[in-house]
Amino acid sequence: MSIDVGRRLRAVRIAQGLSQRQLASRAGVTNSMISLIEQNRTSPSIASLKLILDAVPMTFSEFFSIEKAEEGKFVFRSTDLIEVNPATVVGTGPEGMSEAISFRQVGDASKHALQMLHERYEPGADTGVELYTHEAEEAGIVISGEIELTVGQATETLRAGDAYLFDSRLPHRFRNTAAEPCVIVSACTPPSF
């Protein structure tokens, strides 16, 4: 299940009573970036969407929340997971191949104290050259492949079976520098990604 990022951003902006120019100014991005995102002509990086949502203010989990009630639901099939990455295509590799990241969320994190993600990073995928932050603690286990994780000034490479736990208020970045996809299961509390 995925959400139309452009349509959703436009709805949030209008609900806040903001013009594209006003939102861009608050977020420190260009007016054309807001326009292109709303028209689904470009996909924002995670760091860019975070800047925009911080200007509203709104978390990723609120932005990607689902409208239908899930009261009493405790099992989520693979097809129920919600894609919460603003763009599954982050950049283009040296041979013109897309570098994709997928963040599939379990349930509607805006209704819970925990946000759980199934993450997949294709070779060369990167959350962005800009490190990002959010108000939470985050942990994860690498299921397969490997990932380069930068937190603050430190960078480590994690492989299958390795795990991480850090304060998400510290600037951080995930990057797959390997030749195979990396799969991670992660959690964030409170839901703020």
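**Close-up views of rings and core**

**View 1. A charge over a ring.** R8 lies over the face of F63, at 5.6 Å from the ring centre. A charge sits over a ring if NZ of Lys or CZ of Arg is within 6 Å of the ring centre and within 35 degrees of the ring normal. This is a predicted model, in which local features need pLDDT of at least 70 and side-chain atom pairs count only at pLDDT 80 or more, while totals for chains, interfaces and linings use all residues. Residues are numbered from 1 along each chain as its sequence is written, and side-chain values use heavy atoms, leaving out hydrogens and water.

**View 2. The pair Y121 and F174.** Rings of Phe, Tyr and Trp (its six-membered ring) pair if their centres lie within 6.5 Å; planes under 30 degrees apart count as stacked, over 60 as edge-to-face and the rest as tilted. By this rule there are four aromatic pairs. Y121 and F174 are stacked, because their ring centres are 6.1 Å apart and their planes meet at 25°. Y121 belongs to strand β4 (residues 115–121) and F174 to strand β9 (residues 172–175), 53 residues apart; strands are DSSP runs (E, at least two residues), numbered from the N terminus.

**View 3. A cluster of rings.** Ring pairs join F103, Y121, Y164, F166 and F174 into a cluster. Y121, at 0% relative accessibility, counts as buried, and so does F174, at 1%. Buried means under 20% relative accessible area (1.4 Å probe, protein chains only).

**View 4. Around Y121.** Beyond its neighbours within four places in sequence, Y121 is in contact (heavy atoms within 4.5 Å) with residues including A100, I101, T127 and I147.

Terms used:
Helix = DSSP H or I, 4+ residues; strand = E, 2+ residues; numbered from the N terminus. Buried < 20%, exposed > 50% of the residue type's maximum accessible area, 1.4 Å probe, protein only.
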